[in-house]
Amino acid sequence: MLLDQLPTGQRAEISAIDWSVLPADEGKRLRALGIDEGASVTIRHRGIFFGRDPIALSIGRMTVAIRRVHARAITLRAPDAAPETIA
Amino acid sequence: MTVHQPLIALVGNPNAGKSALFNALTGARQKIANYPGVTVERKSGRFTFADGRPGELIDLPGSYSLDPTSPDEAVTRDVVMGRQTGERRPEALIIVLDSANLDQHLVFALELLALGLPTVVALNMVDLAERDGLTLDAARLAADLGVPVIPTVAVRRRGLAELAAALDAVILAKQAPHAPLGEPDMRARRRRAEHIANSAIVSQTDSRRWTDRADGVLLHPFAGPIILFALLFIIFQAVFSWATPFADALEAGAAALGELATATIPEGFFRSMVVDGVIAGVGSVVVFLPQIIILFFFILLMEATGYMARAAFIMDRMMAGVGLSGRSFIPLLSSFACAIPGIMATRSISDEKDRLTTILIAPLMTCSARLPVYTVIIAAFIPSTAIGPGIGMQGLVLFGLYVFGIIGAMVVALVLRSTVAKGGASGFLMEMPKYQLPRLRDLALGLWQRAALFLRRAGTIIFAVTIGLWLLLTYPQVPEGSSMSQSEYSAAGRIAGLLEPVVAPIGFSRDIALALIPAMAAREVAVSALATTYAIDAPDEETAALALGERLAGRWSLPTALAFLAWFVFAPQCISTIAVTRRETNGWKWPIFMLAYLFGLAWVAAGITFWTATALGL
């Protein structure tokens, strides 16, 4: 499943990120914010009625806004497969 | 003898509360300058140790790592590594961590600790962490990091004395972090940071309940935009109505000062320069100070509370449509008051191409200097007929001019993003800080700094330009008995003569060409210049505008008046905007480009308006 398909409020672990589709600096910023393979994320909010873009993710105790086009470069492990203990 | 002042750098992630800590440690004794060759602010202030020794504290731009993704982050890296031109290497670091976001902020902290500089960690905003149900063990953290860790609440001045004492101790002992921390790889550092954070957390509950609940409303897909637009409406109201009495007072003050100067200085070159050049010219710009202060009050408030990131979030989708991101929203919003603070606010845009595009379209937002021009022309030429309940023809035209500017800006942004500012769609990756109550003292300090910056600019660039224009309009002096007016005879008048064939096709007369020259200082000067040209001797601006309207209605055709309005939607007639663009883009290339494209558009827009209106027989 891709990150932008994750239902709001559900937590999932990032299994892979296709760095090649992201601009170099954008990838660097993603990693700097901790959005990397193995991290677990929850979608908190989706953008306004028009396109529901961007989305607001929570990662750890931080909230990060990301555009859907970049969220589609991020693949998730199936939500139910992610162990509950990952923080 | 000069006392050795150790340089201490405050460094940390964005949203760690670094600036609040900086304000608390230095008070109002701050200096804002630019690092040479880049448009990154250098904020420094005086810091006093417990025994009264002075030190210099610098507030480095918030960063996520020493591998920069923006000019700001590059400055942070270069300063802490001692590679920044014109800056000595700091003798010590204060690493600022947000207590509620420890695992994230420790990643960068570990990288900084590996530099081996004497360091103290400020575990900031412990009160907010406690509010969110998070208890931390500072001693455990200090043991793991190998440096003193001081819990602080910058906004309540908690922990500041302890921080100063710990800093003193590490500087005296030249005490470098003793734990081996060299983790070359970001992922390894992140794992380590999570491990250290987890051992420092004594207990925790659900994260950020408060912020999540507020976001549920403020980021709601329907309520969110409505709240944002309601807020924008209030801001606009405030900028245009609350500012009026203050602006009037400033105007009256400038007029009184002019009269005083007229009465005290003997007639001649010097008096004319002071009264007509300096006081009138600088006065016409300083009049915008109340609007700028009110606008910045709201902008600083939105920033301090954390709402700004939400506004950018809501606007991102619309901005993406023209190749920009939500980050461009605030600079463009500011530009409705004045493009100068708007262009300065583009510094927060990390993508270079986005930033350039935003700077180039900022002058298309209808700034308040255009209002006097629009008001005079609309009052003279547009009938005040009602076309619906509460909607008049005149108001509709004014609204249309705003919309025209916005649409123009969007089209230009689209074109620029696929030509001179070409580049892949930049992202909108942005940390959304938690909500906080703003602190009055920090707001006041921010407002003071913005106002001082604006006044300094009015006192230098605008001052010089005003005198230059005044010289052009005053010399050479018209000989006695000549039938020509001074403005026609002056150097500016001769330039207008050259300009006339260029603007004649779009319906502008020589008088209009003459008014356009002094309006380069600021658009609203066009009104007083027209008044001068049509030899109106009125005691104040309002009567001048009224009388001017009557004269104009008699001399201009309707197509000319409409073309004149269209001209001012685009024309970059504001030398200060050009000056600030030069400074923010580090060269003459982009300001010249801006002048050329905006004058080009102004000519075309005025032309199309004139030709269409003429063809329609208006």
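Buried area is the accessible area (1.4 Å probe) that two parts lose on being put together, summed over both. In this predicted model, the area buried between chain A and chain B is about 3,500 Å², and carbon and sulfur atoms give 55% of that. On the side of chain A, I48(A), R61(A) and R67(A) lose the most area to chain B, together 26% of what that side buries.

This is a predicted model, in which local features need pLDDT of at least 70 and side-chain atom pairs count only at pLDDT 80 or more, while totals for chains, interfaces and linings use all residues. Residues are numbered from 1 along each chain as its sequence is written, chains are lettered from A and ligands numbered from 1 in the order in which they are written, and side-chain values use heavy atoms, with hydrogens and water left out.

**The interface**

Counting contact as heavy atoms within 4.5 Å, 35 residues of chain A touch 41 residues of chain B. Six salt bridges (a side-chain nitrogen of Lys or Arg within 4 Å of a carboxyl oxygen of Asp or Glu) are counted between chain A and chain B. One of them joins R317(B) to D53(A) at 3.7 Å, N to O.

Strand 4 of chain A pairs with strand 12 (residues 430–432) of chain B in the antiparallel sense, over three bridges. Helices (H or I, at least four residues) and strands (E, at least two) are DSSP runs, numbered from the N terminus, and two strands pair if DSSP finds at least two bridges between them. V64(A) stands opposite E431(B) of strand 12.

Over all chains the structure holds 31 salt bridges.

| Pair | Distance, N to O |
|---|---|
| R88(B) and E56(B) | 3.3 Å |
| E111(B) and R189(B) | 3.7 Å |
| D144(B) and R140(B) | 3.6 Å |

R88(B) lies in the loop between helix 2 (71–80) and strand 5 (92–98) of chain B and E56(B) in strand 4 (residues 54–59), so this pair ties together parts 32 residues apart in sequence. Buried means under 20% relative accessible area, exposed over 50%, and partly exposed in between (1.4 Å probe, protein chains only). R88(B) is partly exposed at 38%, whereas E56(B) is buried at 18%.

E111(B) is buried at 16%, and R189(B) is buried at 5%. D144(B) and R140(B) are four residues apart in helix 5 (residues 138–145) of chain B, so about one helical turn separates them. R140(B) is partly exposed at 38%.

A network of salt bridges links E41(B), R347(B), R355(B), R583(B) and E584(B).
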